[in-house]
Amino acid sequence: MEEYHNESSFNTEEVDNIVKECIENVVGKDDYNPNLVNKWTSAIVERCLKQLVKLGKHYKFIVTCALMQKTGAGLHTANSCYWDTAADGSSTVRWESRTMYCVVSVFAVAIA
Amino acid sequence: MDEGGEDESIETTIGTSSYQHFRVNQWSTTIVEQCLSQLCKLGKPFKYIVTCVIMQNNGAGLQTASSCYWDNATDGNCAIKWENKSMCCIVSVFGLAV
């Protein structure tokens, strides 16, 4: 994917850092817990979204998060987007701890 | 939203298969591409994002969530979960009005 360094374009590095920080803050110190995983995924997506909106750029955002327990199962994710490749962008962050995997994707769609 | 189109794409791609590590990459790609082309054929003024998660069924827990900052009046999404004995598949479609 192309890297944009323009102020008003989608900056994947900035977004990746925001997402990593949100994940660490929510589940960084915890082991997988089926009673809490619902709260964690909601907290991660909401926190990421708030931080992204604070950037004040002219985008609509979609943040998705998948949290999976580590048991040796295979997991695969794929995304496909029909949009304006010059103005819109996405970024995916994969994070893991001892007991779980977390995959967060951010999609930014430019507002005309 | 077009839930029938998603179900159909999943069924035709992995409907009769068991989880195979070396094929799952191709399957998830095919599913999202098929869903996207069906959606585009609807000819509506939307930008689309289709995501697909395929997981092997071995007792692991999986939770997904999404959060969207958009125009509630014109934009929307839908998600469907499909599973068979060896794997489960979650497909989400987000549509943003142009």
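## Salt bridges within chain A

In this predicted model, the side chains of A:K70 and A:E96 meet in a salt bridge, with N and O 2.5 Å apart. Because A:K70 lies in the loop between β1 and β2 of chain A while A:E96 belongs to strand β3 of chain A, the pair ties together parts that are 26 residues apart in sequence. A:K70 counts as partly exposed, at 28% relative accessibility, and A:E96 also counts as partly exposed, at 48%.

A salt bridge is likewise formed by the side chains of A:D31 and A:R98, for which the N to O distance is 3.0 Å. This pair links distant parts of the chain, since A:D31 sits in the loop between α1 (12-27) and α2 of chain A and A:R98 in the loop between β3 (89-96) and β4 of chain A, 67 residues apart. A:D31 is partly exposed, with 42% relative accessibility, whereas A:R98, at 65%, counts as exposed. Over all chains, a search of the whole structure finds six salt bridges.

## Salt bridges between the chains

Between chain A and chain B the count is two salt bridges. A:D88 forms a salt bridge with B:K47, and the closest N and O atoms of the pair are 2.9 Å apart. A:D88 lies in the loop between β2 and β3 of chain A and B:K47 in strand β1 of chain B, so the pair joins two chains. In contrast to the exposed A:R98, both A:D88 and B:K47 are buried.

## The interface between chain A and chain B

The contact takes 38 residues from chain A and 39 residues from chain B. The size of an interface is often given as the accessible area lost when the parts come together. Here the area buried between chain A and chain B is about 3,000 Å², and carbon and sulfur atoms give 61% of that area. In chain A, the residues that lose the most area to chain B are A:K60, A:H76 and A:Y82, which together account for 23% of what that side buries.

Polar contact between chain A and chain B involves 15 residue pairs, with both residues of each pair at pLDDT 80 or more. On the side of chain A that touches chain B, α2 (37-54), β1 (59-69), β2 (75-82) and β4 (100-110) of chain A each supply at least two residues. The largest share of that side, eleven residues, comes from β1(A). By residue class, the side of chain A that touches chain B divides into 22 nonpolar, twelve polar and four charged residues.

## Surroundings of B:T51

B:T51 lies in strand β1 (residues 46-56) of chain B, and with a relative accessible area of 7% B:T51 is buried. When its neighbours within four places in sequence are left aside, B:T51 is in contact with A:A78, A:N79 and A:F107 from chain A, and with B:V32, B:I90, B:V91, B:S92 and B:F94 from chain B.

## Cysteines

How many disulfides does the structure hold over all chains? The structure holds zero disulfides. For A:C22, the closest cysteine sulfur is that of A:C48, 3.8 Å from the sulfur of A:C22 and therefore too far for a bond, given that a disulfide needs cysteine sulfur atoms within 2.5 Å. A:C22 is buried, its relative accessible area being 0%.

B:C35 is in no disulfide either, the nearest cysteine sulfur, that of B:C52, being 7.8 Å away. B:C35 is buried, with a relative accessible area of 2%.

Methods
Residues numbered from 1 in each chain as written. Chains lettered and ligands numbered in written order. Predicted model: local features only at pLDDT ≥ 70, side-chain atom pairs only at ≥ 80, totals over all residues. Heavy atoms only, no water. Buried < 20%, exposed > 50% of the residue type's maximum accessible area, 1.4 Å probe, protein only. Contact = heavy atoms within 4.5 Å. Buried area = accessible area lost by both parts, 1.4 Å probe. Salt bridge = Lys/Arg side-chain N within 4 Å of Asp/Glu carboxyl O. Polar contact = N/O pair within 3.5 Å; in protein donor to acceptor, adjacent residues only side chain to side chain. Helix = DSSP H or I, 4+ residues; strand = E, 2+ residues; numbered from the N terminus. Nonpolar A, V, L, I, M, F, W, Y, C, P; charged D, E, K, R; others polar.
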